[in-house]
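Please report on the fold of this chain, with headings and the cut-offs behind each term.

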Amino acid sequence: MTLFQCCGITLELHPTFLLLPLLVTAQGWADYPEYHLKGVAIELFAFVLVYICLVLHEFGHALTARRLGIPVRRIVLLPIGGMALMESIPRSPRAELLITAAGPLVNFAIAGICYLLLGKWPANAYEVAAPTLHWVKIGNFLLVANVYLGCFNLLPVFPMDGGRVLRALLAFKFDYLHATRWALYVARAVALVGIVAAIWYGLFLLAALFLFILYVGKREYEQLLMEEAQMLPENEIPPLL
């Protein structure tokens with residue numbers, strides 16, 4: 001489903017994305033047993049704010065990639081976030097570092113602007129929400145949400161941004177196929193810790209998110225393996241993970 005086009009890049013919704021507003025609505029309804037509609041409005045408002053920030057995050061990746069000569073024509077929004085679909089993998093570690101860093105930097109820039117406007121960090125960041133259209137409450141929410149988004153994306157779990165940064169650093173020493181393989185090894189270790197912690201605290205959706213990210217990373221490695229198998233000697237081709 002196409003939403004709009006900006007700078008020659010089409011923003012699309014994956015069909016599974018539509019499940020997320022339904023879950024958010026149900027959560028808002030359950031969290032406010034005496035004021036169901038208010039709860040739904042609060043949760044949907046926060047959801048829209050977060051996804052606006054995610055779209056800006058992905059445009060950071062996409063516009064930086066185009067600046068470096070890598071075409072990007074589509075950004076797809078998924079329940080787990082967004083994906084800027086580049087037509088080729090940047091084969092320069094420097095280029096991949098710049099493209100990858102652009103996304104979290106957008107989030108940190110938004111957080112920095114909110115901090116300058118507010119003049120302080122919220123007293124209790126864990127309870128920050130956006131219950132009204134008051135600009136301070138919105139600013140607090142955007143400040144905390146963007147710090148969390150930027151930091152979470154920098155976890156070294158390939159193919160998240162942190163995992164891609166790790167691959168780019170490894171690619172200064174190894175070829176891209178082996179750099180991707182080592183990045184996936186690290187991703188599995190970090191994701192395992194994340195899954196155990198998420199289950200311990202009852203955050204089952206977060207645990208499922210880590211599992212899905214690992215699945216996507218494995219698929220990307222398999223695709224890269226198919227593309228590069230013809231260019232490597234047979235004894236240098238690593239096996240499937």
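## Helix α3 and its end

G119, with a positive phi near 85°, comes after α3. This is a predicted model, in which local features need pLDDT of at least 70, side-chain atom pairs count only at pLDDT 80 or more, and totals for chains, interfaces and linings use all residues. Residues are numbered from 1 along each chain as its sequence is written, and side-chain values use heavy atoms, with hydrogens and water left out.

Helix α3 covers residues 93-118, 26 residues in total, and spans 37 Å from first to last C-alpha, close to the 38 Å expected at 1.5 Å a residue (1.5 Å times one less than the number of residues). At A102, shortly before the proline P104, α3 has a kink of about 30° (the angle between axes fitted to the seven residues ending there and the seven starting there).

## Sheet

Four strands form an open sheet in the order β1-β2-β3-β4, with mixed pairing (strands pair if DSSP finds at least two bridges between them). β1 (2-6) and β4 (81-86) are the edge strands, each with a single partner strand, so one side of each has no neighbour in the sheet.

β1 and β2 (residues 9-13) run antiparallel and are joined by 4 bridges. Q5 has T10 in β2 as its bridge partner.

## Whole chain

The chain contains 7 helices and 4 strands (DSSP runs, H or I of at least four residues for helices and E of at least two for strands, numbered from the N terminus). Their order along the sequence is β-β-α-α-β-β-α-α-α-α-α.

Of the 241 residues, 42% are buried (under 20% relative accessible area, 1.4 Å probe, protein chains only).

Terms used
Buried means under 20% relative accessible area, exposed over 50%, partly exposed in between (1.4 Å probe, protein chains only).
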